[in-house]
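Start with the display below.

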Amino acid sequence: MTKIKKKVRELVLLQLFSHTFHQGESGEIAFIEDVEEASEVDREAVKEIFFAIQEREEEILASIGKFAKNWSIARIAKVELAALKLAIYEMSYHEPAVEPAVSINAAIEMVKKYGNERGYRFVNGVLDAYRKECVGASK
């Protein structure tokens, strides 16, 4: 996979957010196919990233829990949680890895657009702590 486009990132965020409300009753992963404004290539990229995040969800949530000091996963706003999942995936699992500064800035911008008024500060703090310990401060 190559560089992640802004549009793909936003669609993945929206898929992750939507997934929190539309999980199948048996717990299966629900992917919302209705992504009309995206090209076929972008739709495939969204699907690939979404399912890759779902495959690593336990690891990603454990990382979020570790760096979200004094916050349980259940307390984190859903948009902010989706942005955190995507950014951690990009920095640690996506091939090639996305530069941490790029991923963190993209997450902050999406939270400013879709999240609560001050959620971007929380996201920045969690991702910066994650970057320093798990990705390395040199990146």
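Among contacts between residues at least 6 apart in sequence in the protein chain, what percentage joins residues at least 24 apart? The share is 67%, where a contact means heavy atoms within 4.5 Å.

This is a predicted model: local features need pLDDT of at least 70, side-chain atom pairs count only at pLDDT 80 or more, and totals for chains, interfaces and linings use all residues. Residues are numbered from 1 along each chain as its sequence is written, and side-chain values use heavy atoms, with hydrogens and water left out.

**Overall make-up**

The protein chain has 6 helices and 0 strands. Helices (H or I, at least four residues) and strands (E, at least two) are DSSP runs, numbered from the N terminus. Of the 139 residues in the protein chain, 45% are buried. Buried means under 20% relative accessible area, exposed over 50%, and partly exposed in between (1.4 Å probe, protein chains only). The accessible surface of the protein chain is about 7,700 Å². Carbon and sulfur atoms hold 50% of that surface. Accessible areas come from the Shrake-Rupley method with a 1.4 Å probe; for residues, only the protein chains shown count as cover.

**Helix α3**

Helix α3 covers residues 57–67. Its buried residues are E57, I60, S63, I64 and F67. Seen down the axis of α3, they fall within an arc of 130 degrees, so they line one face of the helix. The arc is that of the directions from the helix axis to the C-beta atoms. An α-helix has 3.6 residues a turn, so residues three or four places apart point the same way. The buried residues of α3 pack against α2 (40–55), α4 (78–92) and α6 (119–135).

**Rings**

The whole structure holds 4 aromatic pairs. Rings of Phe, Tyr and Trp (its six-membered ring) pair if their centres lie within 6.5 Å; planes under 30 degrees apart count as stacked, over 60 as edge-to-face and the rest as tilted. Two of the pairs are tabulated.

| Pair | Centre to centre | Angle between planes | Type |
|---|---|---|---|
| F67 and Y130 | 5.8 Å | 90 degrees | edge-to-face |
| W71 and F122 | 4.9 Å | 50 degrees | tilted |

F67 lies in helix α3 and Y130 in helix α6, so their pair ties together parts 63 residues apart in sequence. F67 is buried at a relative accessible area of 8%, and Y130 is buried at 3%. W71 lies in the loop between α3 and α4 and F122 in helix α6, so this pair ties together parts 51 residues apart in sequence. W71 is partly exposed, at 33% relative accessible area.

The charged end of R75 sits over the ring of W71, 3.9 Å from its centre. K112 lies over the face of Y120, 4.8 Å from the ring centre. A charge sits over a ring if NZ of Lys or CZ of Arg is within 6 Å of the ring centre and within 35 degrees of the ring normal.
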